Amino acid sequence: MRTAAVILCAGASRRMGRNKLTLELGGKTVLRRSVEAFIGAGIRDMVLAFSEPARDEAERLAAEYGLKLAEGGSTRGESVYNALKVMDCDIVAIHDGARCLVSQEIILDSVASAAMYGSGVAAIPARDTLWKEGEILDRSAVMAAQTPQTFAFDKILAAYEKAVREGYEATDDCAVYRHMWGEAHFSKGSVANQKLTVESDMELFGPMCGEQRTGYGEDTHRFAEGRRLILGGVDIPYAMGLLGHSDADVLTHALIDAMLGAAAMGDIGRLFPDSSAEFKDICSLLLLERAWDRIKAAGYSLVNADATIVVQQPKLAPHIDAMRENIAKVLRCDVDRISVKATTPEHTGPEGNLECVTARCVCTLKR
């Protein structure tokens, strides 16, 4: 069956106070997230019913994905009807562009319901106590309707044509469908499938739309006499230290590179070149702090970091906790977000021959 979708992006966003569909969440606009959710579910035949505030973003997405456009109306019903008039399909899913957290599972379940029963309205049972004029309603008999609301195309088009003739208006497509055809069939919704409506909703939507990015860092420094052995900001007693322009803290350097890599902001050498006298013998924890300030300013927070130090001698187990605490203090995070491990190469390779120390680190950031 040919399946298509209507994405509604013609609202005035009065309760938000600004155009919510063009707000960015995790690097993507609200409208783009809704569109890409349907593309991810295999539905590429789409009509965007837009109003002027969302025109630029709607046109951009239409050009990028080959979508159709329809002028939005003064009401939700008018916008849906305008979109339906330019469509040709068997099943149509109608979705609020502001429900950008919709999952592919919800979309596909709604479509399957419409294919079997003629309608599939995403909904969830009421979870809270409901009051009406001092009376508590039986919430077991109440459903909270969401979108997508999916229907056999010919039936929902006929229902809207009847609604237009009779001047019947409703706040959702299910009501229009029921006005002509009777009961609609509910499909699986989700508590997460909320509609972005007011400014305070951003406290929920922001974290849920955050993009996670992972970076990798690696650093090696040679052993040298007359140098201190600094790892994770801990001064470790040993006959030799590590050679480098700064304090040669390979653990902290690997962490910096992993974090910069996750944020696509270059590497430690670009930020703190060894040709600069400013960084001669500098504590690498200070470099970590400066790098982290830049990364935070770009909108990232730390999920976790996991590092491994490859060293034959000395034994690092007594110092691991202090390294983790130093790093967590600089990054202003809980120490359980920082993992540091040490392994011996069993006298193989340059580390096993006491020529150098190597550190490798993986870091995940969230924006």
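Against which elements do the buried residues of α6 pack? In this predicted model, local features need pLDDT of at least 70 and side-chain atom pairs count only at pLDDT 80 or more, while totals for chains, interfaces and linings use all residues. Residues are numbered from 1 along each chain as its sequence is written, and side-chain values use heavy atoms, with hydrogens and water left out.

The buried residues of α6 pack against α3 (76–84), β6 (91–96), β7 (119–125), β10 (143–152) and α5 (153–166). Helices (H or I, at least four residues) and strands (E, at least two) are DSSP runs numbered from the N terminus. In α6 (residues 173–181), Asp173, Cys174, Val176 and Tyr177 are buried, that is, under 20% relative accessible area, with exposed being over 50% and partly exposed in between (1.4 Å probe, protein chains only). These residues cover an arc of only 160° around the axis, which puts them on the same side of α6; the arc is that of the directions from the helix axis to the C-beta atoms.

Asn193 is placed in the loop between β11 (186–188) and α7 (202–208). Asn193 is buried, with a relative accessible area of 1%. Apart from neighbours within four places in sequence, Asn193 is in contact (heavy atoms within 4.5 Å) with His95, Arg99, Leu101, Val102, Ile106, Gln146 and Thr147.

An open sheet of mixed pairing is formed by five strands in the order β15-β12-β18-β16-β17, where two strands pair if DSSP finds at least two bridges between them. β15 (241–242) and β17 (338–343) stand at the edges with a single partner strand each, so one side of each is left without a neighbour in the sheet. Strand β12 (residues 212–224) and β15 run antiparallel and are joined by two bridges; Ala224 stands opposite Gly241 in β15.

Helices α8 and α11 lie across strands of this sheet. α8 lies across β12, β15, β16 (301–310), β17 and β18 (356–366), at about 155° to β12. Helix α11 (residues 320–331) lies across β16 and β17 and runs at about 150° to β17. Axes are lines fitted to C-alpha atoms, for helices over the stretch in contact, and angles run from 0 to 180 degrees between N-to-C directions.

The axes of α8 (residues 250–262) and α10 (residues 284–297) come within 10 Å and cross at roughly 10°. That makes α8 roughly parallel to α10, a term for angles under 35 degrees.

Note on methods:
Parallel < 35°, antiparallel > 145°, perpendicular 65-115°, else oblique.
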